[in-house]
Amino acid sequence: MSASKKTAWAVAAAVLLPLVTAAPAAHADGKDGKDKQPKPPAMMSTVGGALLSKPGTQVQLGPGAPVLPKELSGRSWIVADAESGQVLAAHNAHWRLAPASTLKMLFADTLLPKFTRTQNHLVTSRDLAGIGEGSSLVGIKEKQTYSVHDLWLGVFLRSGNDAVHVLTSMNNGLKQTVKDMNDHAAELQALDTNVVSPDGYDAVGQVSSAYDLTLIARNGMRKPDFREYAATSRAAFPGEAKPGKKRETFEIQNTNRLLTGDIGVEPYQGIAGVKNGNTTHAGATFTGVAERNGRVLLVTVMNPSSKESHAVYREAARLLDWGFAASGKVTPVGELVPPRSERTTPTAPDDGTAPAPGKNAPRTPAHATAAASEQSGGIGIALAVAGGVLVLLAAAVFLVNRRWPLAATAARRRRSEETQESQETQGSSSDVNP
């Protein structure tokens with residue numbers, strides 16, 4: 001019976017594969033082990049514009065526009081203006097590839113509204129059954145209670161497949177969650193995406209595209225909780241509760257290296273999330289959002305072939321640098337389309353603070369700001385406190401309330417939190433595990 005539980009996800013995944021086979025995920029190796037750089041389809045989806053359906057790099061440089069960086073090896077990538085939805089440049093934008101943990105953005109965008117962050121859940125062995133070998137984990141233990149807030153921290157910061165499995169179980173299981181995610185992808189017009197495993201673990205038929213991941217991230221950033229979690233660099237996570245003892249915590253850090261930095265990778269100025277991933281078949285994948293001088297860009301890079309250390313982050317940073325320099329100097333090659341239900345009807349923001357036309361939205365309520373401040377240690381958490389604006393997307397009547405990151409505010413918050421952290425370290429010993 002135990003073995004059956006461990007294979008439950010794989011069995012259900014096979015049953016859920018669509019009758020019409022999707023374009024296959026590009027594996028690292030072909031049948032003979034030599035085909036390491038497969039070619040994209042000759043024609044791909046036209047969602048967002050005809051140019052995006054073509055293989056290769058699509059860009060239309062105007063006077064004074066910088067050329068694209070030479071050091072780009074991703075099989076697929078895209079640079080888009082987060083507010084207007086204009087695609088500034090793209091490379092094989094609709095190539096359906098294995099997404100790895102960037103698929104967790106769709107998981108979060110789909111399930112975040114279903115549970116309150118204060119809701120608690122007692123984890124059972126069934127909740128943790130079937131986690132793929134080699135999965136990233138946050139360290140959830142059975143017979144322990146976690147809040148929904150804890151679980152989402154585990155998903156966003158540590159890309160924890162154990163946290164995903166628990167939330168999936170809370171959502172009536174794998175079959176329901178896969179259906180919900182595929183339905184939501186269709187609503188977003190992320191039509192290159194087919195979900196088999198909610199955690200992004202490699203699975204036959206599981207695909208997405210740079211275009212879709214960017215579309216999903218853009219929609220997710222409309223949600224205050226999504227913005228908060230995506231921008232959180234570090235947080236305290238509950239450890240094992242032992243009878244008669246206070247429950248200790250340990251620190252978890254976001255695996256997005258453009259947010260937290262790493263050896264050889266500096267945090268990107270103005271970064272505010274969103275999600276990275278890496279599996280055998282997907283290679284490294286990354287979607288990020290950043291602000292500079294009042295302009296907000298989204299970038300996605302999938303499966304770079306470069307041997308450069310942290311190539312996916314370095315290439316994403318180069319594309320962001322190019323996008324900020326090229327804004328207003330290129331002719332867009334396409335657009336990020338609105339969700340189906342919002343193509344013709346103006347909609348209020350999800351937190352109920354719709355601004356009057358032409359005016360900034362009111363600031364996020366104080367309790368939301370406080371919650372964000374409590375958990376965040378990284379640049380970009382200003383997403384939770386910055387005023388939003390109304391944006392008209394291309395020809396569609398698509399009004400969206402957004403609170404995009406303000407780099408200066410985020411930098412001030414980071415300095416304040418670093419000072420506070422230093423004072424706490426000097427004042428008392430920490431019970432946080434290394």
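Me: Before we start, what makes a set of residues a nonpolar core?

Reply: A nonpolar core is a set of buried Ala, Val, Leu, Ile, Met, Phe, Trp, Tyr and Cys residues joined through side-chain atoms within 4.5 Å. Please keep in mind that this is a predicted model.

Me: Thanks! Which residues have the most contacts inside the largest nonpolar core?

Reply: They are Ile 140, Trp 152, Phe 156, Tyr 211 and Phe 226, in a core of 66 residues. Helix α4 (residues 148-158) gives the largest share of this core, with seven residues. There is also a second, separate core, made of 27 residues, and Val 79, Tyr 268, Ala 290 and Leu 319 are among them.

Me: What is Phe 226 in contact with, leaving aside its neighbours within four places in sequence?

Reply: Phe 226 is in contact with Met 105, Ala 108, Asp 109, Leu 112, Phe 156, Ala 217, Gly 220, Met 221 and Val 274. Contact requires heavy atoms within 4.5 Å, so each of these residues has at least one heavy atom that close to Phe 226.

Me: What follows α5?

Reply: Asn 172 does, with a positive phi near 70°. Asn 172 is not a glycine, and its place is in the loop between α5 and α6 (174-188).

Me: Why does Asn 172 count as exposed?

Reply: The cut-off for exposed is over 50%. Asn 172 has 67% relative accessibility, so Asn 172 counts as exposed.

Me: Where does Asn 293 lie, and why is Asn 293 called exposed?

Reply: Asn 293 lies in the loop between β9 (283-292) and β10. Its relative accessibility is 78%, and the cut-off is over 50%, so Asn 293 is exposed. The phi of Asn 293 is positive, about 50°, although this residue is not a glycine.

Me: How do you know that β2 and β10 pair?

Reply: Two strands pair if DSSP finds at least two bridges between them. β2 and strand β10 (residues 295-304) have seven bridges, so they pair, in the antiparallel sense. Trp 77 stands opposite Val 301 in β10.

Me: How do you know that β2 pairs with β3 as well?

Reply: Four bridges join β2 to strand β3 (residues 86-91), and at least two are needed, so this is a pair too; the strands run antiparallel. Val 79 stands opposite Ala 89 in β3. The two strands form a hairpin with four residues between them, and Gly 85 in the turn has a positive phi of about 85°. As for cover, eight of the eight residues of β2 (residues 74-81) are buried.

Me: Which peptide bond is cis?

Reply: The bond from Gly 273 to Val 274 is cis, with omega near 15°. Val 274 has its place in strand β8 (residues 271-279), and is one of the contacts of Phe 226.

Me: Finally, how many helices and strands does the protein have, and what percentage of its residues count as buried?

Reply: There are twelve helices and 13 strands. Of the 434 residues, 54% count as buried.

Methods
Residues are numbered from 1 along each chain as its sequence is written. This is a predicted model: local features need pLDDT of at least 70, side-chain atom pairs count only at pLDDT 80 or more; totals for chains, interfaces and linings use all residues. Side-chain values use heavy atoms; hydrogens and water are left out. Buried means under 20% relative accessible area, exposed over 50%, partly exposed in between (1.4 Å probe, protein chains only).
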